[in-house]
Amino acid sequence: MEIKIFTNNNTIDFNYIELTNYIKSNLEKYNNLTFNANEVKEAKETRATLNKLRIALDTRRKDIKKEWNKPYLEFEDKIKTLINLIAEPINRIDKQIREQEDKYKINKRIEIENYFNDKIEKESKLNNKVITLDKIWNNDWLNKSVKIKDIKNTIDEIITKIEKDIALINSLPITNYLEQIKDKYLNTLDLSLALQEQKRLEEQNKQLKLLFSNKSKEEREEKEEENNNNNNSKKAKVTFEVIDSLENIYKLRDFMRSNNINYWRI
């Protein structure tokens, strides 16, 4: 039994019913077959016969598909050629558009930079060392939808706010941490964070005082006596203040202890 193909009106017909009946009738003898250990050879031969039939059908399917698709593939190649022809000027136009957009952004950035620098140098109490344009920059400013007038107004508002915030920090009734608080503000431009820095520094100072006050007077005297017995060299007294992280302060404490250096809270 063979496959008979009929193509008509863009359809593919074949003797499907005839083949179905033929295959079903011939497969009945295989459906209930069982093989024992001594019949492995016969089982393989039977499998090979069925595989041969399956492969023959699938090969015919692939051949028909290849022939059926041939006109479409030829059509597809021609369409792709036309598309590529159109893509060439599109790509050139895209390149010019990108170049013009990049040029627009560069020129707009320069205009914004010039305005900011003039504002800082001529009108503001700040300077470029205190605040830079990068610190307040917003990439949305380069969009065409954002007007240069609105950007300038925004810059004015930001600079005014920074000036007021710094003035407020300078007016705080503190002296020990003023520069650290100001540095925190200039790094974050967040007044609330800067004021929190004051609380953090004050708490750190309390912990440091507690750390160095843990040595009792008796312990100091005992160590002084021990040092006097073990070391006859002249001693000097130096008073200094240390401002650093708690981690480094702990290291300094450990160093002084390990080297028998006397210290106490002032």
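Trainee: How do I read the way helix H2 and helix H4 pack, and at what angle do their axes cross?

Mentor: Two packed helices are described by the angle between their axes and the distance between the axes. Here, the axes of H2 (residues 40-123) and H4 (residues 148-170) come within 11 Å and cross at roughly 35°. Axes are lines fitted to C-alpha atoms, for helices over the stretch in contact, with angles from 0 to 180 degrees between N-to-C directions. Helices are DSSP runs of H or I with at least four residues, strands are runs of E with at least two, and both are numbered from the N terminus. Keep in mind that this is a predicted model, where local features need pLDDT of at least 70, side-chain atom pairs count only at pLDDT 80 or more, and totals for chains, interfaces and linings use all residues. Residues are numbered from 1 along each chain as its sequence is written, and side-chain values use heavy atoms, with hydrogens and water left out.

Trainee: Is the crossing of H2 and H4 left-handed or right-handed?

Mentor: The crossing is right-handed. That word applies if the near helix is turned clockwise from the far one by less than a right angle, and left-handed applies if anticlockwise.

Trainee: Which residues make the contact between H2 and H4?

Mentor: Contact means heavy atoms within 4.5 Å. H2 brings Lys108, Glu111, Ile112, Tyr115, Phe116, Lys119 and Ile120, while H4 brings Ile148, Ile151, Lys152, Ile155, Asp156 and Ile159. By class, this contact has eight nonpolar, no polar and five charged residues. Ala, Val, Leu, Ile, Met, Phe, Trp, Tyr, Cys and Pro count as nonpolar, Asp, Glu, Lys and Arg as charged, and the others, Gly among them, as polar.

Trainee: Lys108 is in that list; why does Lys108 count as buried?

Mentor: Buried means under 20% relative accessible area, exposed means over 50%, and partly exposed is in between (1.4 Å probe, protein chains only). Lys108 counts as buried because its relative accessible area is 5%.

Trainee: Which residues touch the most other members of the largest nonpolar core?

Mentor: A nonpolar core is a set of buried Ala, Val, Leu, Ile, Met, Phe, Trp, Tyr and Cys residues joined through side-chain atoms within 4.5 Å. The largest one has 26 residues, and Phe116, Trp141, Ile169 and Tyr185 touch the most other members. At least two residues come from each of H2, H3 (133-136), H4, H5 (178-188) and H6 (191-213). H4 gives the most, with six residues. Look at Tyr185: beyond four places in sequence, Tyr185 touches Lys161, Ile162, Asp165, Ile166, Ile169, Asp190, Leu191 and Ala194.

Trainee: Where is Leu189, and what is its phi?

Mentor: Leu189 sits in the loop between H5 and H6. Its phi is near 55°, a positive value in a residue other than glycine. Leu189 counts as partly exposed because its relative accessibility is 21%.
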